[in-house]
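Here is a friendly briefing to read alongside the model. Keep the viewer open as you go.

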Number of protein chains: 2
Amino acid sequence: MGSMSAPGKSRSLPVAGTRKVLIEVGTRLMLAKGYNHCGLEEVLKEAKVHKGSFYHFFKNKEDFGLQVIDDYASERLGALDRELADMSRRPLERLRRYFELAVERQRSLEFRRGCLFGNLGQEMAGQSEVFRSRLEEILSLYRLKIAGCFREAQAVGELWSEYQVDRLAGFCLNSWEGAILRMKVAKSAEPLEEFLFVMFEGVLGPNPA
Amino acid sequence: MGSMSAPGKSRSLPVAGTRKVLIEVGTRLMLAKGYNHCGLEEVLKEAKVHKGSFYHFFKNKEDFGLQVIDDYASERLGALDRELADMSRRPLERLRRYFELAVERQRSLEFRRGCLFGNLGQEMAGQSEVFRSRLEEILSLYRLKIAGCFREAQAVGELWSEYQVDRLAGFCLNSWEGAILRMKVAKSAEPLEEFLFVMFEGVLGPNPA
């Protein structure tokens, strides 16, 4: 990574969409290689952006990494919100639909990429307190949204009222991240399908897994 | 990493225990830093072993990494076998006991290290087919042993006979790996406790989570 120079000599303003392209390339490279092996030179080259423009949007590589995480979080949490707001389905069906779409997403990436939160959590938790706490914030928000869905499911009698929904939501989220991890090692959809089946038929459903 | 020189000029045989020390240091460093950031120079320095002795035991760094994984697998699968052979407990209690001891182990490491299989699976699955397939073999063996325990539980009526134990075993293992991953991000035992509670009281137990 280069020095933290101020925006370069060029006086032209960065073109609209430059930040978006940088974030897209950064997300792709960080998903594929992790944070440490995602070099700024490579990002700039792939995005066809000059260093000066980069520093117009990001203070340094860490700031870039955090903004990539935030952008990914907005996208994924937005997708979750969209499904959870679908009143044409019962609460647990909404959540299941979110995970089913996420499985299709992983399939389209040939089970190679995984989840940015899990990948960077594994790589960075011990290395950077800034990354660790940001990732923990996002995962806690996920957990909260899933717990909210479980509460709705309890309210309509879809889930037994004795369930401790916060614990169950944490378990559900962590099991999903574990299934994604195993998917990468197994190079197959099987762990994701096991998750869907056992979680929604067994843990949350009326039938045994 | 240095060149793959043959064992050095020293004619003295490596002292007994040299391989053991190298594996121990390698395991500790790979748990802390991953495979790529575990440098051979650092391993040799910490183990106080000369390069010649190292190449007496290992062909190269990859071979060393694989032997570290195999050694860790023997240790962890041995621990699982020990608990699953404890006929003084019922089958599901044996498995629960294994995970409870594993939680204590993570606690003693201050929730920082995680599981070598999960850590290296995350880091290496996309990078090395040799590592990926070795890790997948080991995780499949884990799954098989857990499924065996579930079958015993079915045989004594501790687990409903309709459960599809292979899927359930995969789910259990992946959920554990996910809980370990989240533990590192949360820096707390909570994800592991959620796993124990929901898995053994809810999924496998008579009571709801």
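The notes below go from the overall fold to single residues.

This is a predicted model, in which local features need pLDDT of at least 70, side-chain atom pairs count only at pLDDT 80 or more, and totals for chains, interfaces and linings use all residues. Residues are numbered from 1 along each chain as its sequence is written, while chains are lettered from A and ligands numbered from 1 in the order in which they are written.

**Chain A overall**

- Chain A has nine helices and zero strands; helices (H or I, at least four residues) and strands (E, at least two) are DSSP runs, numbered from the N terminus.
- Its C-alpha atoms fill a box of roughly 65 × 35 × 30 Å along the principal axes.
- Of the 209 residues in chain A, 42% are buried. A residue is buried if 20 or more other C-beta atoms lie within 10 Å of its own, exposed if 12 or fewer, and partly exposed in between, with C-beta atoms placed from the backbone.
- Taking contacts in chain A between residues at least 6 apart in sequence, 64% join residues at least 24 apart. Two residues are in contact if their C-beta atoms, placed from the backbone, lie within 7 Å.

**The nonpolar core**

- The largest nonpolar core holds 114 residues, and the members that touch the most others are A:Leu120, A:Phe150, B:Leu120 and B:Phe150. Such a core is a set of buried Ala, Val, Leu, Ile, Met, Phe, Trp, Tyr and Cys residues joined through C-beta atoms within 7 Å.
- Not counting residues up to four places away in sequence, A:Phe150 touches A:Leu159, A:Tyr163, A:Val165, A:Leu168 and A:Ala169.
- In soluble globular proteins, nonpolar side chains tend to be buried together.

**Where the chains meet**

- Chain A and chain B each give 39 residues to the contact.
- On the side of chain B that touches chain A, the elements giving two or more residues are α6, α7, α8 and α9 (190–203) of chain B.
- The largest share of that side, 15 residues, comes from α8(B).

**Helix α7 of chain B**

- Helix α7(B) covers residues 129–155, and its 27 residues should span 39 Å at 1.5 Å a residue; the end C-alpha atoms are 38 Å apart, which agrees. The expected span is 1.5 Å times one less than the number of residues.
- Buried residues of α7(B) include B:Phe131, B:Leu135, B:Ile138, B:Tyr142, B:Ile146 and B:Phe150.
- The cover over them includes α8 (165–186) of chain A, as well as α4 (61–84), α5 (91–108), α6 (116–124) and α8 (165–186) of chain B.
- Helices α7(B) and α8(B) pack at an angle of about 125 degrees, with their axes 8 Å apart, which makes α7(B) oblique to α8(B).
- Axes are lines fitted to C-alpha atoms, for helices over the stretch in contact, and angles run from 0 to 180 degrees between N-to-C directions. Angles under 35 degrees count as roughly parallel, over 145 as roughly antiparallel, 65 to 115 as roughly perpendicular and the rest as oblique.
- Following α7(B) is B:Gly157, which has a positive phi near 75 degrees.

**Helix α6 of chain B**

- Nine of the nine residues of α6(B) are buried, so this helix is largely enclosed by the rest of the structure.
- Among them are B:Leu116, B:Asn119, B:Gln122 and B:Glu123.
- They pack against α6 (116–124) and α8 of chain A, together with α1 (18–33), α4, α7 and α8 of chain B.

- B:Lys48 sits in the loop between α2 (40–47) and α3 (51–57), and its phi is positive, near 55 degrees. With 9 C-beta neighbours inside 10 Å, B:Lys48 counts as exposed.
- B:Glu110, in the loop between α5 and α6, has a positive phi near 55 degrees. B:Glu110 counts as exposed, with 8 C-beta neighbours inside 10 Å.
- Most residues other than glycine have a negative phi.
- B:Arg89 belongs to the loop between α4 and α5 and is partly exposed, with 13 other C-beta atoms within 10 Å. Leaving aside neighbours within four places in sequence, B:Arg89 is in contact with B:Arg94 and B:Arg97.
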